[in-house]
Structures are given as C-alpha cells and as structure tokens.
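My notes follow in the order I took them, so please read along.

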Amino acid sequence: MHVIDAINQSKDIFISLEITPPNKGQSIEELFQVIDPLTEFNPAFISVTYHQPQVVYEERDGVIYRIPKRKKPGTVGICAAVTNRYKIDTVPHFILGGFSKFETEDALIDLHFLGIENIFAVRGDPAPGEKTFIPEKDGHRYASELVQQINKMNKGEYLEPLESAKPTNFCIGVAGYPEKHYESPNAQKDMAFLKNKVEQGAHYIITQMFFSFQVYKTFVEKAREIGIEVPILPGIKPISTMGQLSSLPRDFHISLPSELVEAMEGAKTPTEVRKAGIGYTKKLCEELIDYGVPGIHVYTMGKGTATQELLIQLFR
Ligand code: FAD
C-alpha cells in the first residue's frame with residue numbers, strides 16, 4: 001500500500017518505524033530482533049535509511065587507491081526481506097550522494113520491478129569526512145530534483161525518450177525540518193524549499209526529530225499558511241541516555257527544551273534517566289495525538305528497546 005493511502009485511510013492513530021541497516025558484516029537477524037517485539041503495535045510501514053559510502057585513500061605498494069567503503073549497505077535488500085517476513089510495507093530511503101541521474105533511474109527501475117512502490121527521497125548527509133554535500137557528476141543537488149525525476153517516471157517519462165514506456169507508481173515522502181535545516185539561511189527559505197518538494201510531486205512529509213510540541217505545531221501552521229497541504233508526520237526519537245543530551249543536538253541540529261534536560265539531569269541512575277526521557281517523549285506523543293496527527297513515525301536508530309518502552313506506555 002502507498003504510505004499516502006495508509007495515512008488517508010487510517011481511522012486510528014498509527015505508528016510507523018524508521019530502521020537502520022546493520023553494519024557490514026553483521027546479520028540481518030539483529031534487525032529482525034529489533035522489529036519482532038514492535039510488530040505487536042502493527043506498524044503501518046517501516047522505512048529503511050540509506051547511507052552514502054565513505055571514501056578512504058589507501059596506499060598499497062606505493063600506489064594510492066581511492067576506495068569507497070560502505071558501512072551500512074543493504075537498504076533495498078532489507079526492504080524486500082522485511083516485507084517478505086512481516087508482510088509490512090517498507091519504504092527505502094533514496095539519496096542523491098553517489099548516484100548520477102542515470103544510476104538513480106536504474107535503481108528506481110529495480111525497486112519498481114521488486115514491487116516496492118514507496119520511496120523516501122532525501123538529499124543525504126555529506127559523506128563521512130566531508131563538510132558539505134558534493135553532488136555526483138550528472139547527479140542531483142537538491143532532493144526536489146530527485147522528487148521531480150521520480151514524478152516524471154510516474155508519468156512514463158524516462159531520461160531518454162522511450163517508446164510506449166510504462167509509468168512507475170511511486171508514492172514519495174520527503175523530509176521537513178521544524179527547527180529549520182542547518183544549511184538554510186532562515187526558516188522562511190527552508191519552508192519555501194519544502195513547498196517546492198511538494199510541488200515537484202511529494203505526497204507527504206516526515207519531520208526531523210523535535211522535542212517540543214509547540215515547535216511542531218508552529219511548523220505545521222507555517223506550512224499550511226504557504227499552501228503546503230500534504231500530511232506532515234511527526235518524527236519522534238525516544239530519548240533515553242545522558243549522552244543523547246549532546247549527541248542529538250550535535251548530529252541532528254535540533255534543540256532540547258529545558259524541561260527535558262532538567263528532568264534527565266535530575267535523575268540519579270541510568271534507569272531513572274531513561275524513565276525521565278521516555279516519560280517526556282510519551283507526553284510529547286500524547287500532545288501530538290490530541291492535536292490530531294494521523295500517525296507517529298518513530299526513529300529506532302537500530303535499537304528497538306526505547307521504542308518498545310515508549311509504545312508500551314502509549315498503546316498497551
Ligand atoms: P534538500 O531538501 O535538498 O535540502 C537541503 C538544503 O538545501 C536545505 O538547507 C534546503 O533549505 C536547501 N535547498 C533546497 N532546495 C534548494 C534550492 N533550490 N536552492 C537553494 N537551496 C535549496 N540522510 C541520509 O544520508 N540517509 C537517510 O536515509 C536519511 N533519512 C532521513 C529521514 C528523515 C525523516 C530526515 C528528516 C532526514 C534524513 N536524512 C537522511 C538526513 C538528510 O539527508 C539531511 O538532513 C540532508 O542534509 C538534507 O536532506 P533533504 O532531503 O532535506 O535536502
């Protein structure tokens with residue numbers, strides 16, 4: 001099922017999950033162990049992140065070799081395996097880094113043939129070790145261009161003119177940033193670029209994680225004001241360790257409200273810290289549900305225990 005149909009047809013609040021491929025060399029069983037206990041909450045879909053390879057230079061016998069090293073391969077394979085095992089729709093994330101437009105087209109055809117009809121289109125983070133995002137030669141610079149390419153394929157328009165070309169049928173999600181994308185000069189500009197992604201054909205938006213209901217509400221209101229009408233699913237990260245008080249703001253360019261920080265800092269043991277963090281996340285989700293969000297998209301980040309605790313508190 002297309003994610004947009006799952007959103008529009010859902011009568012009750014639904015949950016969806018984001019999972020991350022295991023590191024190269026690890027077993028997919030580890031991922032199944034994350035998902036298994038979460039199936040009781042009937043996720044409407046599971047999205048799988050995509051990771052750009054890190055480029056390293058290695059010297060062998062006096063010759064320098066440029067070697068792309070992918071730490072977390074397997075996004076598409078995981079989608080197929082998860083759908084096969086759990087009969088849950090999966091959404092591969094699709095990035096620009098490392099792909100020319102032509103490689104993108106071929107990869108999209110692979111997904112189409114596999115029967116995967118949902119795509120989450122993101123630019124991708126700068127490659128590990130690089131400060132800025134560097135587009136591939138003949139690749140796209142912004143996610144909106146990828147959305148446009150997918151949308152054209154949905155109309156049967158491929159990069160080269162093909163006779164009687166069959167259209168694809170992808171449902172497209174894109175990323176939105178309630179606290180602004182870190183490269184944007186201001187929130188207004190960022191919102192205008194988000195609107196462009198929707199105009200190019202995105203069917204729904206999933207937000208970057210945020211920790212204040214007011215931040216989400218203001219973001220949705222501003223989006224509606226400028227004519228963005230598609231569903232905006234809140235992305236939720238159950239926070240559970242002291243380390244995340246600095247790693248989440250550093251890695252995701254988000255802020256943590258004083259109420260949350262003080263609750264976690266005031267806790268005396270790691271168990272109490274976890275309780276404070278997940279308790280806060282639960283309250284945030286309840287505010288979102290009262291506000292009428294169609295669903296909650298939970299970032300598991302490869303570990304399901306905090307997600308499971310949150311979902312038990314919310315729904316069991
Ligand atoms: P874009 O929409 O292309 O925006 C990038 C920047 O360019 C923004 O500052 C935007 O305001 C600006 N911009 C957009 N259009 C224009 C224009 N025409 N002219 C000038 N400026 C413009 N990263 C991964 O590597 N793999 C993943 O699987 C992944 N999944 C994610 C899932 C979610 C829900 C979210 C929120 C993020 C995810 N990311 C992922 C991170 C994402 O790739 C980064 O945040 C990235 O820096 C931006 O991606 P984007 O698609 O929002 O980019």
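**Helix pairs**

I began with helix H9 (residues 258-265) and H10, whose axes come within 8 Å and cross at roughly 155°. Helices here are DSSP runs of H or I with at least four residues, numbered from the N terminus. The axes are lines fitted to C-alpha atoms over the stretch in contact, and angles run from 0 to 180 degrees between N-to-C directions. H9 and H10 are therefore roughly antiparallel to each other (the word is for angles over 145 degrees; under 35 is roughly parallel, 65 to 115 roughly perpendicular, and the rest oblique). I also noted that H9 and H10 cross in a right-handed way, the near helix being turned clockwise from the far one by less than a right angle.

Before going on, I noted that this is a predicted model, where local features need pLDDT of at least 70, side-chain atom pairs count only at pLDDT 80 or more, and totals for chains, interfaces and linings use all residues. Residues are numbered from 1 along each chain as its sequence is written, and side-chain values use heavy atoms, with hydrogens and water left out.

Next I followed helix H10 (residues 270-291) to helix H11 (residues 305-315): they pack at an angle of about 50°, with their axes 10 Å apart. That makes H10 oblique to H11. This crossing, too, is right-handed.

**Around the ligand**

Which residues come nearest to the ligand? I found Tyr50, Tyr177, His181, Ser184 and Lys197, out of 24 residues around it (near means a heavy atom within 4 Å).

I then looked up polar contacts, which are pairs of N or O atoms within 3.5 Å. Tyr50 places a backbone N or O atom 2.7 Å from a nitrogen atom of the ligand. The side chain of Ser184 has an N or O atom 2.6 Å from a ligand oxygen, and for the side chain of Lys197 the distance to an oxygen atom of the ligand is 2.7 Å. The ligand taken alone exposes 990 Å², and the protein buries 87% of that (Shrake-Rupley method, 1.4 Å probe).

Lastly, I checked the shell around the ligand, where helix H6 (residues 187-199) gives the most, with three residues.

Definitions and conventions:
Polar contact = N/O pair within 3.5 Å; in protein donor to acceptor, adjacent residues only side chain to side chain. Helix = DSSP H or I, 4+ residues; strand = E, 2+ residues; numbered from the N terminus.
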